[in-house]
Structure formats: C-alpha cells, structure tokens
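Dear colleague,

I am passing on the structure we spoke about, together with some notes on what turned up in it. Please keep it open while you read, so that you can follow each point in turn.

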Amino acid sequence: MVSIYRRRAISKKEEILTLCRKHSDCIFVAFTNATLIDEEFAKQVREVGNLSFSISVEGTEESTDARRGKGTYQKVMKAMDILKKGGCIAGGKHYMHINANGDVEPCVFIHYSNANIKDMDLLDTLKQPIFREYQKNQPFHDNLLRPCPLLDNSGKLAEMVHKCGAHSTDLLHPEDVDSLCAKCQKISKEWGETADKLWETDPRRKEVEDKIQDFRC
C-alpha cells in the first residue's frame, strides 16, 4: 500500500492515475479534502481499481468551513456522494498502515501494533492480534456517525490494545494508550451526544441497524 501525503494531492490527478496504472499490483491511498473530485475523476478511479481516499473533514459544516473556507463542507459532501456512486471504498477492514519503522498499524492515526513487516510476511501481519480485535468489534457503534474506536467511542481503543497486548509504535513520542484515550474523552463525549441526535433522524438508520443486527447474529 502506498499513501499519498501532500498539499492538494488530487490536483495531480493524471500523475496519480498514471502511477496507479503503472503499479497495478499496489494499492494507493490519497489523503485529501476531496474538493477536486468530480464525476469524470471518479469514473477513472473506478477503472484503475487500486486508488482510494482518506477524506479530511472537521465534522460539522460550521467547523469545516471555518477552517477550510466557506462552501468547503458542501463540496466534500458532494464528492462523497460521487465516490459512493462510483463504488470507491476507503478504510475500515480493507485498510492498514505501515510506518517508517515497518510497524503494521490498523490506521495511519492509530499507532499501536503487534507486528512488523521486517519480521514476518505481509499476510501474517494481517493476522496480528490487534487486527483481530478490530475485526471482532467492527462496527464499533450502531451509529455510523461514530466509526472510530479512538475519537468516537471513548475507551474502545484502550480496551482492544490491552486485550491484545499491542505496543505503541509512535516513532517520536511513544504513548500509553490510556493516556491517549483520556485526552480524547471530552471530545468523544461531546461528539457522541451530537452524533446520536443526528442519527435519530438519519434516513439510513433503520436499514443500517437491521444489517448490523443480522451481521452480529
């Protein structure tokens, strides 16, 4: 997997697509605010089949526009709708991150692991305990607006890390998972209250809850 980090990465659409075609045996993940994603680009992304996106958004329209400029939130929502129609799926069970030291992490923002690519082959790293914990616990909440085990579900990440014995893989500032989760507790609680109110009126709610129930059964 190749992660693409750079300011306005998607402004280089043709270069990225060329890389994807040339290295069809790799998966590319671009970190972007998605404002430059349009119907034509989504069609090309579907055709290459090995490019996905991690989309940056601050949560609410007000907070997103305050940081990124008026109208940005609606552009991001439109891009998400386009990608959904185009069949592009990012993150979740189909995503992992390998840091510069070779540690295989469940997410680019979650620096805990039981496996290093230097010590075992890639397929074996996918079977590591923390990945098993992720898979057993997903989805982390019935509310799809609360997908993250760190920011959206207070204490969930700590619970999994303790259960599987994963260690901190932060290269500069290794951090105890309880300390990390404690820092996020306030924002997790505040967003949880807001997300639950929004989910109550979300048109997807009944269908999603039925699917989750069937999955867990």
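Predicted model: local features only at pLDDT ≥ 70, side-chain atom pairs only at ≥ 80, totals over all residues.

Across from them, the buried residues of helix 2, which spans residues 39-48, are Phe 41, Ala 42, Gln 44 and Val 45. Viewed down the axis of helix 2, these buried residues fall within an arc of 160°, and therefore they line one face of the helix. Just after helix 2 comes Gly 49, with a positive phi of about 75°.

Ala 34 sits in the loop between strand 2 (28-32) and helix 2, and it counts as buried because its relative accessibility is 0%, where the cut-off for buried is under 20%.

Another buried loop residue is Asn 116, which lies between strand 6 (112-113) and helix 5 (122-125) and has a relative accessibility of 9%. Which residues is Asn 116 in contact with, once its neighbours within four places in sequence are left aside? They are Asn 101, Gly 102, Asp 103 and Thr 125.

Please look next at helix 6 (residues 129-137) and helix 7 (residues 156-164), which pack at an angle of about 135° with their axes 9 Å apart. That angle makes helix 6 oblique to helix 7, and the crossing of the two is right-handed. From helix 6, Pro 129, Ile 130, Glu 133, Tyr 134 and Asn 137 meet Lys 156, Leu 157, Glu 159, Met 160, Val 161, Lys 163 and Cys 164 of helix 7. The residues of this contact divide into seven nonpolar, one polar and four charged. In the loop between helix 6 and helix 7 you will find Pro 139, which is joined to Gln 138 by a cis peptide bond with an omega of about -5°.

For the protein as a whole, the secondary structure comes to nine helices and seven strands, and buried residues make up 36% of the 217 residues. Of the contacts with a separation of 6 or more, 56% are between residues 24 or more positions apart.

Notes
Residues numbered from 1 in each chain as written. Heavy atoms only, no water. Buried < 20%, exposed > 50% of the residue type's maximum accessible area, 1.4 Å probe, protein only. Helix = DSSP H or I, 4+ residues; strand = E, 2+ residues; numbered from the N terminus. Arc of directions from axis to C-beta. Contact = heavy atoms within 4.5 Å. Axes fitted to C-alpha atoms, helices over the stretch in contact; angles between N-to-C directions. Parallel < 35°, antiparallel > 145°, perpendicular 65-115°, else oblique. Left-handed = near helix turned anticlockwise from the far one by under 90°. Nonpolar A, V, L, I, M, F, W, Y, C, P; charged D, E, K, R; others polar.
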